[in-house]
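Hi everyone, thanks for having me.

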Amino acid sequence: MKNANLIYYNEIIAQFIRDGNFVKAKACGEDTLKKFSLLSFSPDDEFGFYCNMGRVYYNLIEFSRAIDMYYKASLLASRHHFPLAKNVYVSCEIGSNLMLLKNIGPAIQNLKKAEDYFEKYGYGEFPMDKMTYIYTYVCLAYCYLHNAELPKVRDIIYDKLGAFKDDNSLGFFPLDYNHLKGEYLMAVNEYADYVIVTDDDPY
């Protein structure tokens, strides 16, 4: 069989993801799954494939299917004793997708695993890096907003994320931060005292 190595398909899917073409990434990934038994791959290759497909389904708003992919990655990471950072990263991704499905309790349980990791080890090891740190706490904050646990939201906004609010190297995060802060302040009836400086729309 030509191109019988999973690495080949992982690279194609990853390129589609970088290009933002998630429909083609999904088609390629699902075609790859059909011939999985014919491919050669290492546990790392398989883990990368499931994470790529989880990302694809997440971006296509197919959160249940994303969770399925990340769950497979989690089982694989546990079975092969992957580094803790990879295990916890998958829990973070599962948590974020559960949050988007409004399954808040299990979402918090998974995201707390990432929070515990960051408190112990910081964010110096990929994939548990600065962006994953921020992503984890943004997701936790929205979970706590949903549960009306406002002191926890405040701690995240000011203590966990405040240092990054003006960091333009983080893409859209400053806007996301202002949106999160605005939602929090509205929840505690303080929005009138809070002004976001933008050209037109605060969001």
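Okay, let's start with charges: there are nine salt bridges in this one. Keep in mind that this is a predicted model.

Take Lys72, which pairs with Asp68; their closest N and O atoms sit 3.7 Å apart. Both belong to helix H4 (residues 63-79), four residues apart, about one turn of the helix. Lys72 is partly exposed at 32% relative accessibility, and Asp68 is partly exposed too, at 35%.

Now helix H6 (residues 104-121), where Glu115 and Lys112 are three residues apart, again about one helical turn. They form a salt bridge, with 2.8 Å between the closest N and O atoms. So is Glu115 buried or exposed? It's buried, at 9% relative accessible area, while Lys112 is partly exposed at 32%.

Then there's Lys165 with Asp166, a salt bridge at 3.1 Å from N to O. Here Lys165 is partly exposed at 34%, and Asp166 is exposed at 60%. And there's a network as well: salt bridges link Lys26, Glu30, Glu62 and Arg65.

Leaving out its neighbours within four places in sequence, Met128 contacts several residues, including Ala85, Tyr89, Phe118 and Tyr123.

Last one: Thr32, in helix H2 (residues 22-34). Thr32 is buried, with a relative accessible area of 0%. Beyond four places in sequence, Thr32 touches Leu6, Tyr9, Leu39 and Phe49.

Note on methods. Residues numbered from 1 in each chain as written. Predicted model: local features only at pLDDT ≥ 70, side-chain atom pairs only at ≥ 80, totals over all residues. Heavy atoms only, no water. Contact = heavy atoms within 4.5 Å. Helix = DSSP H or I, 4+ residues; strand = E, 2+ residues; numbered from the N terminus. Buried < 20%, exposed > 50% of the residue type's maximum accessible area, 1.4 Å probe, protein only. Salt bridge = Lys/Arg side-chain N within 4 Å of Asp/Glu carboxyl O.
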